[in-house]
Amino acid sequence: MQLLGLHVVVLLKCFLVVFGQQYHTHHDVADLHWKPATATWYGSPDGDGSNGGACGYGSLVDVKPLRARVGAVSPILFKNGEGCGACYKVRCLDKSICSERAVTIIVTDECPGGYCSNGNTHFDLSGAAFGHMAISGENGQLRNRGEIPVIYRRTPCKYPGKNIAFHVNEGSTDYWLSLLVEFEDGDGDVGSMHIREAGGTEWLEMNHLWGANWCVIRGPLKGPLSVKLTTLSTGRTLSARDVIPRNWVPKATYTSRLNFFH
């Protein structure tokens with residue numbers, strides 16, 4: 001009954017967001033200017049941090065290339081889930097214990113309370129990512145500091161050898177399709193998504209559901225399905241033709257032949 005209730009809530013949310021449109025101002029994703037923030041760490045000291053997370057990446061956070069690079073961010077960067085997948089460089093400032101090396105993290109989770117509340121810009125990093133900012137041999141001492149001041153800037157995401165993939169979420173049917181975007185180079189975030197049915201000319205708008213998940217209510221959908229993705233930050237567009245096969249199944253991941261860097 002709990003699972004059924006969850007599916008009803010998710011379906012209702014997907015239906016409701018059809019009536020809202022959002023418009024975004026685009027800018028270059030690479031930011032050369034460092035900005036102030038604070039950082040903490042969570043999980044095991046040398047661990048990968050999140051197990052899943054509010055973006056919906058699930059077990060992807062436990063394996064490379066995401067492994068040990070995951071981070072939870074405050075709402076100002078999480079952007080109600082539309083900030084999922086964005087990449088940032090984070091560097092600590094205390095020269096007595098911090099190296100000049102920045103760690104690159106990928107937004108996979110949200111930290112809504114505590115240090116992350118009241119409009120603060122905060123990064124809650126995996127233990128491994130946090131320790132990576134320290135000078136050699138001082139990883140543990142840096143983690144013992146707890147909250148530390150840092151500087152950060154946006155940076156393009158890079159997934160060498162990976163193409164954008166689309167995971168069909170559990171519960172999807174021919175009438176309700178939900179997709180999760182994986183391994184997006186460049187901006188990393190998603191501003192809008194559309195799908196096109198086999199033999200069709202119309203791009204059907206998908207609606208932001210939660211985290212990095214998008215959905216569409218229409219049916220019966222006829223595959224193979226093409227997917228068009230537009231980034232949130234710069235409005236760059238990529239179209240993956242027939243990436244979802246005719247005989248698609250829930251919980252399967254379908255990889256395109258494309259990415260923004262190749």
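Buried means under 20% relative accessible area, exposed means over 50%, and partly exposed lies in between (1.4 Å probe, protein chains only). The views below show a predicted model, in which local features need pLDDT of at least 70 and side-chain atom pairs count only at pLDDT 80 or more, while totals for chains, interfaces and linings use all residues. Residues are numbered from 1 along each chain as its sequence is written, and side-chain values use heavy atoms, with hydrogens and water left out.

**View A. The disulfide of Cys111 and Cys116.** The sulfur atoms of Cys111 and Cys116 are 1.9 Å apart and form a disulfide (a pair of cysteine sulfur atoms within 2.5 Å). The link is left-handed, with -80° about the S-S bond. Cys116 has 3% relative accessibility and therefore counts as buried; Cys111, at 8%, also counts as buried.

View B. Cys55 lies in the loop between β1 (35–42) and β2, and Cys84 in the loop between α2 (75–78) and β3, 29 residues apart. Helices (H or I, at least four residues) and strands (E, at least two) are DSSP runs, numbered from the N terminus. Both Cys55 and Cys84 are buried. Another disulfide is formed by Cys92 and Cys98, with sulfur atoms 2.2 Å apart. Its torsion is about -130°, so the link of Cys92 and Cys98 is left-handed. Cys92 and Cys98 are both buried.

**View C. The barrel and its β2-β5 pairing.** In the order β1-β5-β2-β4-β3-β6, 6 strands close into a barrel with mixed pairing. Neighbouring strands of this sheet are turned by 50° against each other on average, direction ignored (axes are lines fitted to C-alpha atoms, for helices over the stretch in contact, and angles run from 0 to 180 degrees between N-to-C directions). Strands β2 (residues 70–73) and β5 (residues 122–126) run antiparallel and are joined by 3 bridges; two strands pair if DSSP finds at least two bridges between them. Val73 stands opposite Phe123 in β5.

**View D. Aromatic contacts of Phe183.** The structure holds 4 aromatic pairs (rings of Phe, Tyr and Trp, its six-membered ring, with centres within 6.5 Å; planes under 30 degrees apart are stacked, over 60 edge-to-face, the rest tilted). Tyr159 and Phe183 have ring centres 5.7 Å apart and planes at 70°, so the pair is edge-to-face. Tyr159 lies in the loop between β6 (148–155) and β7 (165–168) and Phe183 in the loop between β8 (176–182) and β9 (192–196), so the pair ties together parts 24 residues apart in sequence. Tyr159 and Phe183 are both buried. Lys162 lies over the face of Phe183, at 4.7 Å from the ring centre (a charge sits over a ring if NZ of Lys or CZ of Arg is within 6 Å of the ring centre and within 35 degrees of the ring normal).

**View E. The salt bridge of Arg145 and Asp94.** Arg145 forms a salt bridge with Asp94, the closest N and O atoms being 2.9 Å apart (a side-chain nitrogen of Lys or Arg within 4 Å of a carboxyl oxygen of Asp or Glu). Arg145 counts as partly exposed at 42% relative accessibility, and Asp94 counts as partly exposed at 32%.
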